[in-house]
Amino acid sequence: MSKITVWFIKCAMTYFMLAIVLGLHMAMSGQTYPYMPIHAHFNLLGWISMMIYGVAYHILPRFSGRPLYSEKIAEWHFWLANIGLVGMTLGWLIRHFTGDFRMLMIFSIISAISAVLFVINMFKTIKMAPSVGK
C-alpha cells in the first residue's frame with residue numbers, strides 16, 4: 001500500500017477510537033451533550049471519510065490501470081483534511097463556550113478544500129484510464 005493509503009487508514013482508526021470514547025462519554029452524561037457535533041465529525045469526517053479516502057487511493061488507480069494522478073495533491077489532501085477536522089473540533093468548542101463561530105467556519109472551509117482536492121485527483125486519475133473496448 002502507498003504511504004498516503006496507510007496514513008489515511010491509520011488516521012481513520014484513530015478518529016474512530018476518539019468517536020467511540022466520546023460516544024461512551026455521551027451515553028453516560030445525560031440528555032444534554034454539548035460535544036455531539038465533535039462526536040459526529042470524528043465519525044463522519046474522521047472515521048468514515050478518511051477510511052474511504054484511504055481505500056480509494058489504493059483501489060481507484062488499480063481499477064483505472066494507471067498510477068494516481070498526483071501524489072502531491074494526495075499529500076495536500078491528507079494534511080488539509082486532518083488540519084480541517086482538528087480545527088473544526090476546536091471551533092465547535094469555542095462556538096459552544098463563546099458563541100464565536102469564525103474558527104469553525106475557517107476550518108470547515110479547509111476541510112471542504114481538502115475534499116475538493118480528493119475529487120480533482122480522483123477525476124484526473126479516472127480520466128487517464130483507458131476506455132473499455134477500444
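Axes here are lines fitted to C-alpha atoms, for helices over the stretch in contact, and angles run from 0 to 180 degrees between N-to-C directions. The model is predicted, so to speak of local features we need pLDDT of at least 70, with side-chain atom pairs counted only at pLDDT 80 or more, while totals for chains, interfaces and linings use all residues. Residues are numbered from 1 along each chain as its sequence is written, and side-chain values use heavy atoms, leaving out hydrogens and water.

Select residues 36-64: this is helix 2, with 29 residues (helices are DSSP runs of H or I, at least four residues, numbered from the N terminus). Then centre on A56, where helix 2 bends by about 35° (the angle between axes fitted to the seven residues ending there and the seven starting there). Just after helix 2, click G65 to find a positive phi of about 75°.

Helix 2 and helix 3 pack at about 175°, their axes 10 Å apart, which makes them roughly antiparallel (over 145 degrees). To see the contact (heavy atoms within 4.5 Å), show side chains including F42 and Y53 in helix 2, and W92 and L93 in helix 3.

Finally, bring in residues 102-127, helix 4. Here the angle with helix 2 is about 15°, and the axes are 10 Å apart, so helix 2 is roughly parallel to helix 4 (under 35 degrees). Among the residues in contact are L60 and P61 from helix 2, and F118 and M122 from helix 4.

Key
Helix = DSSP H or I, 4+ residues; strand = E, 2+ residues; numbered from the N terminus. Expected span 1.5 Å × (residues − 1). Parallel < 35°, antiparallel > 145°, perpendicular 65-115°, else oblique.
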